[in-house]
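Visitor: I am new to reading protein models. Could you walk me through one?

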2 protein chains.
Amino acid sequence: PSKAKSRRQRWDVRPSEMANNTLNPIRAIVDGMKLTPNPEKPMIALSIGDPTVFGNLPTDGAVLQAMKDAIDSQKYNGYAPSVGYLKSRQAVANFYSCPEAPLEAEAIDLAISVLCNPGDNILVPCPGFSLYKTLAVSMGIDPKKSWEVDLQQMESLIDERTSCMIVTNPSNPCGSVFSKEHLQKIIKGCSCSSMASLSSDVPILSCGGLAKRWLVPGWRMGWILIHDRNDVFGSKIRQGLVKLSQRILGACSIIQGALDSILNNTPPSFFSKTISFLKTNSEICFNELSTVPGLNPVMPSGAMYLMVGIDMDRFPDFKNDVDFTERLVTEQSVFCLPASAFEYPNYFRIVVTVPEEMMVEACSRIREFCQRHNRASSTESTDLDH
Amino acid sequence: PSKAKSRRQRWDVRPSEMANNTLNPIRAIVDGMKLTPNPEKPMIALSIGDPTVFGNLPTDGAVLQAMKDAIDSQKYNGYAPSVGYLKSRQAVANFYSCPEAPLEAEAIDLAISVLCNPGDNILVPCPGFSLYKTLAVSMGIDPKKSWEVDLQQMESLIDERTSCMIVTNPSNPCGSVFSKEHLQKIIKGCSCSSMASLSSDVPILSCGGLAKRWLVPGWRMGWILIHDRNDVFGSKIRQGLVKLSQRILGACSIIQGALDSILNNTPPSFFSKTISFLKTNSEICFNELSTVPGLNPVMPSGAMYLMVGIDMDRFPDFKNDVDFTERLVTEQSVFCLPASAFEYPNYFRIVVTVPEEMMVEACSRIREFCQRHNRASSTESTDLDH
Ligand SMILES: Cc1ncc(COP(=O)(O)O)c(C=O)c1O
Ligand SMILES: Cc1ncc(COP(=O)(O)O)c(C=O)c1O
């Protein structure tokens, strides 16, 4: 028939627009880097935001036991409701009696998916974790940039197609933690000028998960908390979340089954140990790099990252932060992510979850590298850098 | 500023198009049913396609052990590559040395996402599992209907926007298994007339998973096998799958870590036990309902479902299959899914994974129900139903 004629004559299977539009800025940058370590020095990767890679930060025994109990019970092998077991959701609700906002990828995907249409824009932190851009662009949403404190810029970016603003707290890659006052200003900013009367009822979808806090990022267990005292979302957004959750039928049932026990039985000492480890390592790193001419580390107050500014003027050997970090691998076998990956050039990000001795060694190699390439005269550098 | 003026003056947070377009036909139908069981008879649910609900079909001990080993190893807590651990992928590749096609929701989402754009259409089985329609419609894709054998109809439905055809084998809800010959005809049909020269190289994305075969559907572990001997997909579709996998960062790392051992250590007797149980239960159900005037069960040869045709003429008390199954709950506390949920009216689907004595009891209640409502004269029914 004539219809058949119009068919493609040769196979020409092309990936969908969505696949084509799914871009991971970190991969785009890292895949373009020549990462050939110095064969004389063992590689130290300070690049991966995964606290488990070196084995020095195991999760708590109570978490493992909760999982084994869930497996042995044989009660969590079947399909869970797509929104999750009621018991697990209650456990999360109980655990978060005060607003907190850790972050989880699949929950974020859901949260963005329910709020945004193609052609909408969303405000994302800059510097900021690339996943938001990846998810947004793959859905035809245009991420405008906003910075953690610049409320005026934030206001100027909001228009009638702005469907949401993403706040990452603590920040990746900055390790910064917003004060309560600053968070309140952001919320006020969201509801500024024409929306002034709405300041008290900005609704929030807060995405959280086990990943970083319980040190099991691979388990892919997350949740969305709805903060919406004045019922701005109404039932429609909630129904939208339920519907979207049915597309993929929810998180792994075993981990859901273990969640109640994980949340309730992990001893507080587990969290304080993790935090004190991160603090110590951050201080080592900050103190070491503070005295390296040409580098400006920023002390973090949360998360597991530390940003280091590079005085590019002093390092004429390198075009930019990508070049700088690439050569740091070639010469010193130390790999840090260039902050261009977070749309924040002239910085690099250090992950502070590595074992202490590795952190010390990495810092001393970074110092050696910088001394070698720093082209400022020695007197000048002495003047400027204490 | 004037820009601010154009902002919405009241909060009006609406769910996205995608959320609005995510519809689960089963839910749409079931949520509309009045399901009030007869208080004098305990409820028997033959509706849920989950083999674990009654505890009579536990997964194998080797599967549980593999999970506990993966947990104890503490090697699978970190982020896995978004496409999965190499070791796990190799285990799947080894296990499927011959083409097979079990099905998994998230894998299906990926497979559809990589091939289809809004405005495209896809061919789905009718009757067929509703998830495909849910996923497709939520992405703005128009699912045209095709039936398992009607190759001519299939051909007539293909046009230049047809991006793929979904084959479910064995079928849900039919429990039918296509013969090798029939599958080959389908493939030939895909490449018919103007595409005749391509018949040998129809590329296939085969979605599989642990769910039904290992009796752990809640674990959400699936995979996509690429059958593409003549490299029709090329690297672009593969890259598209990789990119899309980065949106959600892959399946739970613990289960991935256990996968090799699950695939290799589950004894063959586990599968044969499951299959012989399903066969026995299907026979009980088929034999019982075959002798019920007005019902026409279809013996399945795979999966865990059995379809039963209803001679609606004989049951003037009921408008349709939805009405019929609703009243079956009210009177007999037996719940079967009306096949309208699979776009196949005048049938209902029975899940045959329930314990044998429940199956027997359910069949006798269905008989009682049909006898009560069958309005054909007794002689007529004797004539027609042996
Ligand atoms: C800011 C931010 N958002 C989201 C994610 C993804 O988190 P999860 O592993 O909980 O999905 C990360 C991971 O590092 C992150 O830093
Ligand atoms: C035909 C079909 N496709 C997909 C699914 C979803 O399968 P899974 O649980 O493996 O994601 C089912 C579940 O019953 C099904 O019957």
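This is a predicted model: local features need pLDDT of at least 70, side-chain atom pairs count only at pLDDT 80 or more; totals for chains, interfaces and linings use all residues.

Visitor: How many helices and strands does chain A have?

Guide: Helices (H or I, at least four residues) and strands (E, at least two) are DSSP runs, numbered from the N terminus. Chain A has 15 helices and 11 strands.

Visitor: What share of chain A is buried?

Guide: Buried means under 20% relative accessible area, exposed over 50%, and partly exposed in between, with a 1.4 Å probe and protein chains only. Of the 386 residues in chain A, 54% are buried.

Visitor: How do I read a helix pair, such as helix 5 and helix 11 of chain B?

Guide: Start with the axes, which are lines fitted to C-alpha atoms, for helices over the stretch in contact; angles run from 0 to 180 degrees between N-to-C directions. Angles under 35 degrees count as roughly parallel, over 145 as roughly antiparallel, 65 to 115 as roughly perpendicular and the rest as oblique. In chain B, the axes of helix 5 (residues 86–95) and helix 11 (residues 253–265) come within 8 Å and cross at roughly 25°. That makes helix 5 of chain B roughly parallel to helix 11 of chain B.

Visitor: Which residues have the most contacts inside the largest nonpolar core?

Guide: A nonpolar core is a set of buried Ala, Val, Leu, Ile, Met, Phe, Trp, Tyr and Cys residues joined through side-chain atoms within 4.5 Å. The largest one has 60 residues, and A:Leu210 and B:Leu210 have the most contacts inside it. Leaving out residues up to four places away in sequence, B:Leu210 touches several others, including B:Trp219, B:Trp223 and B:Leu259.

Visitor: Is a loop residue like A:Thr353 buried or exposed?

Guide: A:Thr353 sits in the loop between strand 11 (347–351) and helix 14 of chain A. With 2% relative accessibility, A:Thr353 counts as buried. Beyond four places in sequence, its contacts include A:Asp50, A:Phe277 and A:Met304.

Visitor: Where does B:Thr266 lie?

Guide: B:Thr266 is in the loop between helix 11 and helix 12 (268–290) of chain B, and its 7% relative accessibility counts as buried. B:Thr59 is 207 residues away from B:Thr266 in sequence, yet their C-alpha atoms are 9.4 Å apart.

Visitor: What should I look for in the backbone?

Guide: Look at omega and phi. A cis peptide bond with omega about 0° joins A:Asn169 and A:Pro170, and another, with omega about 15°, joins A:Asn172 and A:Pro173. A:Glu343 is not a glycine but has a positive phi of about 60°; at 32% relative accessibility, A:Glu343 counts as partly exposed.

Notes:
Residues are numbered from 1 along each chain as its sequence is written. Chains are lettered from A and ligands numbered from 1 in the order in which they are written. Side-chain values use heavy atoms; hydrogens and water are left out. Contact means heavy atoms within 4.5 Å.
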